[in-house]
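Biologist: Could you put the structure up, so that we can go through it together?
Modeller: Of course, here it is.
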Amino acid sequence: CKMDKDENLGPGCDVTIAEINNINKKIRKDIVSLVNTDFFKYFKFDPFKKCTFWENNEGICFSRSCAVDVVEDWDKLPEYWQPEVLGSLENDSTNETETHHTAEDDASFLNELCNSKNDKMNQLESNNDLNYYDINDFLNEDAVLVDLSKNPERFTGYGGQEAGQIWKSIYAENCFSSDEADTCLAKDAFYRIVSGLHASIGTHLSNDHLDTTTGEWGPDLDLFMARVGNFPERVSNVYFNYAIVAKSLWKIKPYLKELDFCNDYDNDVKQKIINIVSQLDSKIFDEDLMFKDDYDASIKDDFRSRFKNVTKLMDCVHCDRCKMWGKVQTTGYATSLKILFELNEADEESKQQVVNRLTKFELISLLNTFNRLSTSIESINNFETLYDERVNGE
Ligand code: FAD
């Protein structure tokens with residue numbers, strides 16, 4: 001795919017692909033090192049949460065043959081290449097014999113690193129819900145703490161009818177009750193976000209792919225082209241998501257000092273975040289173009305509840321690792337959307353409602369999602385080089 005890298009990304013974005021590539025090069029080292037710090041590498045989620053979208057498996061097939069068909073003849077491959085193994089989690093907290101970070105410990109472990117008052121405040125605030133995700137995900141007793149750095153997002157073999165049905169349901173959320181012109185921008189943004197997430201996942205699974213003939217992990221150019229590279233719109237949507245998340249980070253920049261980013265814990269962590277946001281620019285995305293007046297407020301409510309459904313659809317994913325990264329990223333986008341659309345810097349009350357209530361898991365999701373996108377963009381550029389080498393016979 002040859003894209004015009006000097007063209008703007010589309011409505012709301014006064015930035016080009018080339019400019020984002022440049023920003024990404026500047027922040028790459030810091031974001032990688034940030035997500036490997038103790039505060040940012042642990043995520044909490046409930047792998048057992050019930051899927052609420054289809055009862056009695058209605059309309060969806062849960063048997064293994066429906067859930068997995070990316071490689072033909074799985075049964076002939078060794079046990080350690082089976083999708084159940086590839087998609088499973090290296091998990092500290094579900095292992096009862098582990099003393100480090102057990103389920104009971106997990107909250108106190110992270111609380112030691114970071115003040116937990118915001119988590120409680122968010123909980124109390126549930127009747128004025130500005131969240132684009134279900135906050136109960138992090139309050140649930142069955143939730144486990146997982147080390148993201150030990151569970152890279154990569155090829156798992158998850159696919160088939162079931163994964164296809166989940167993607168279909170996600171895209172079907174983009175069906176707003178009103179068809180007025182004002183919904184166009186919202187609809188367009190909603191579509192770009194989910195398509196960008198889908199393309200980012202497709203990039204990761206192509207970049208870190210298991211070759212089942214050699215047993216080697218590495219980039220698969222043909223797979224990348226078939227999933228993402230041959231569709232310029234999908235590539236552009238990954239960059240759009242980068243712009244959305246980057247703008248939300250830019251927007252909380254003035255409050256970073258006030259946030260409980262482990263204030264007493266690690267100045268180095270804070271410095272990395274400051275280095276990252278210092279490279280960002282407000283023109284990357286203009287959120288004020290959306291939801292401008294009272295009429296738009298109801299579109300915004302619709303948008304919020306539809307996006308919340310996308311985050312809940314992750315409970316229907318039958319591959320733990322895919323589900324975990326799906327939760328991280330949908331919560332990350334949900335946090336960005338809350339910052340972009342619910343925070344009005346001129347209004348002290350909205351600042352109280354949004355910034356002062358950001359929880360550690362929202363911050364962890366936000367920065368990890370930014371790293372997922374940053375990694376995707378690096379991979380897209382590497383795939384472009386591989387493609388050029390192939391075409392030029394180098
Ligand atoms: P799918 O990717 O299932 O797509 C279905 C259809 O959607 C396609 O036929 C196409 O018409 C359309 N489509 C595809 N991409 C886009 C796009 N970017 N924008 C718009 N439309 C599009 N697999 C892994 O190996 N590792 C993972 O970590 C992983 N995580 C996942 C997380 C979630 C939440 C889900 C639902 C699936 C995940 N999968 C993962 C599976 C993966 O996304 C694919 O579903 C699977 O590889 C099968 O791909 P496919 O080519 O059949 O089409």
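Predicted model: local features only at pLDDT ≥ 70, side-chain atom pairs only at ≥ 80, totals over all residues.

Biologist: How much of the protein is buried?
Modeller: Of the 394 residues, 55% are buried, while the accessible surface comes to about 17,500 Å², with 46% of that belonging to carbon and sulfur atoms.

Biologist: And the contacts, what share of them join residues at least 24 apart?
Modeller: If we take the contacts between residues at least 6 apart in sequence, 81% of them join residues at least 24 apart.

Biologist: Let's turn to helices. How do α14 and α16 cross?
Modeller: Helix α14, which covers residues 320–342, and helix α16, which covers residues 360–391, have axes that come within 7 Å and cross at roughly 105°. Angles of 65 to 115 degrees count as roughly perpendicular, and α14 and α16 are therefore roughly perpendicular to each other.

Biologist: Which residues make that contact?
Modeller: On the α14 side they include Trp-325, Val-328, Tyr-333 and Ile-339, and on the α16 side they include Glu-362, Leu-366, Arg-372 and Leu-373. Sorted by class, the contact between α14 and α16 has 6 nonpolar, 8 polar and 3 charged residues.

Biologist: New topic: how many aromatic pairs are there in the whole structure?
Modeller: The search finds 16 aromatic pairs. In one of them, the rings of Tyr-132 and Phe-303 have centres 6.5 Å apart and planes at 70°, so this pair is edge-to-face.

Biologist: Where do Tyr-132 and Phe-303 lie?
Modeller: Tyr-132 is in the loop between α6 and α7, whereas Phe-303 is in helix α13, so the pair ties together parts that are 171 residues apart in sequence. Both Tyr-132 and Phe-303 are buried.

Biologist: What about Phe-240 and Phe-285, how are their rings arranged?
Modeller: Phe-240 and Phe-285 are also an edge-to-face pair, at 5.8 Å centre to centre and with 90° between the planes. Phe-240 belongs to helix α11 and Phe-285 to the loop between α12 and α13, 45 residues apart, and the pair thus links distant parts of the chain.

Biologist: Are those two buried or exposed?
Modeller: Phe-240 has a relative accessibility of 2% and counts as buried, and Phe-285 is buried with a relative accessible area of 2%, given that buried means under 20%.

Biologist: Last one: which residues do ring pairs link into a cluster?
Modeller: The cluster consists of Tyr-132, Phe-190, Phe-291, Phe-303, Phe-307 and Phe-341, linked by ring pairs.

How values were computed:
Residues numbered from 1 in each chain as written. Heavy atoms only, no water. Axes fitted to C-alpha atoms, helices over the stretch in contact; angles between N-to-C directions. Helix = DSSP H or I, 4+ residues; strand = E, 2+ residues; numbered from the N terminus. Parallel < 35°, antiparallel > 145°, perpendicular 65-115°, else oblique. Contact = heavy atoms within 4.5 Å. Nonpolar A, V, L, I, M, F, W, Y, C, P; charged D, E, K, R; others polar. Buried < 20%, exposed > 50% of the residue type's maximum accessible area, 1.4 Å probe, protein only. Areas by Shrake-Rupley, 256 points an atom, 1.4 Å probe, with all protein chains shown as cover. Phe/Tyr/Trp six-rings, centres within 6.5 Å; stacked < 30°, edge-to-face > 60°.
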